[in-house]
Amino acid sequence: MDWNKENTALIIVDVQNDFIPGGSLAVHEGDQVVPVINVLQQKFKYIIATQDFHPADHGSFAANHSGKKPGEFIELAGLTQILWPVHCVQGSKGAEFHPDLDQSQWIAVFQKGKNPEVDSYSGFFDNARRGDTGLGDYLKSKGIKQVFVCGLALDYCVKFTALDAKSLGFETALIVDATRAVNLNPKDGNSAIDEMEKAGITILTSKEV
Ligand code: VGL
Ligand code: ZN
């Protein structure tokens, strides 16, 4: 994939303590993306992070539905919603970025999941595609034409962020060694990669960037 620093952004999705081993929604090997992403950042001029940032009463938390456990389903915003453990609550340690993640070059952070009535996996839109974080317009205002996506988790927020980027017309690539999957079902990570590839997203390793 041919690319130019002046019109390309790196999007770092949700590299937050709750998605790291020891966190409430830990992703296996989630910590291993941090050094890879730190090296990767040296190649980019425009770097944006997303942050899952839920109010304590968020509708995606099993704890907010009596008798429900994480992994069970409800209806939220007219959509089937899987229930999660409490995670990335605004103001908590779990919502903070991994302490070793280099933030020195970031030009913006886009928060998502703030509306308790709907979940928001993508950094662009909520799952019902009603709320818009402004990330798409922000990238366009900077003249960005291509995005590289990395972070956590591959089968949720990374996948939906990359698919939305592609659908908004950005040339989109997934950096496969700079992401890890939740894998509630063991094949979810691989299925996510297949789905992205079918949507026209380039899959590459950080060495190929
Ligand atoms: C995520 C589940 C719930 C993610 C966020 O960042 O992939 N997954 N909230
Ligand atoms: Zn969340």
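Before the views, some housekeeping. This is a predicted model, in which local features need pLDDT of at least 70 and side-chain atom pairs count only at pLDDT 80 or more, while totals for chains, interfaces and linings use all residues. Residues are numbered from 1 along each chain as its sequence is written, and chains are lettered from A and ligands numbered from 1 in the order in which they are written.

**View 1**
E29 sits in the loop between β1 and α1; helices (H or I, at least four residues) and strands (E, at least two) are DSSP runs, numbered from the N terminus. Although E29 is not a glycine, its phi is positive, at about 65°. For background, most residues other than glycine have a negative phi.

**View 1. Helix α1 and its buried side.**
Helix α1 takes in residues 33–41, and its buried residues are V33, I37 and L40. These residues cover an arc of only 60° around the axis, so they sit on the same side of α1; the arc is that of the directions from the helix axis to the C-beta atoms. Among the elements that cover them are β1, β6 and β7, where contact means that the C-beta atoms of two residues, placed from the backbone, lie within 7 Å.

A153 belongs to the loop between β6 and α3.

**View 2. Helix α3, well wrapped.**
How many of the 14 residues of α3 are buried? The count is 11, so the helix is largely enclosed by the rest of the structure. Just past the helix, G169 has a positive phi of about 100°.

**View 3. α3 alongside α4.**
Helix α3 (residues 154–167) and helix α4 (residues 188–198) pack at an angle of about 5°, their axes 10 Å apart. Axes are lines fitted to C-alpha atoms, for helices over the stretch in contact, and angles run from 0 to 180 degrees between N-to-C directions. The two helices are therefore roughly parallel to each other, a label used for angles under 35 degrees, with over 145 called roughly antiparallel, 65 to 115 roughly perpendicular and the rest oblique. On the α3 side, L154, D155, K159, A162 and L163 make the contact, meeting D188, G189, A192, E195 and M196 of α4. Sorted by class, this contact has 5 nonpolar, 1 polar and 4 charged residues.

**View 4. The two sides of α4.**
G189, A192 and M196 are the buried residues shown in α4. Their arc around the axis is only 60°, so they lie on the same side of α4. D194, E197 and K198, on the other side, are exposed. Cover for the buried residues includes α3, β7 (171–180) and β8 (202–204). After α4 comes G200, with a positive phi near 95°. G200 lies in the loop between α4 and β8 and is exposed, with 11 other C-beta atoms within 10 Å.

C88 is in the loop between β4 (79–82) and β5, and is buried, with 25 other C-beta atoms within 10 Å. Phi of C88 is positive, near 50°, in a residue other than glycine. N127 lies in the loop between β5 (106–112) and α2 (135–141) and is buried too, with 20 other C-beta atoms within 10 Å. Not counting residues up to four places away in sequence, N127 touches A77, L79, V118, D119, S120 and Y121. N127 and A77 are 50 residues apart along the chain, and their C-alpha atoms are separated by 8.5 Å.

How values were computed: Nonpolar A, V, L, I, M, F, W, Y, C, P; charged D, E, K, R; others polar. Buried ≥ 20, exposed ≤ 12 C-beta atoms within 10 Å, placed from the backbone.
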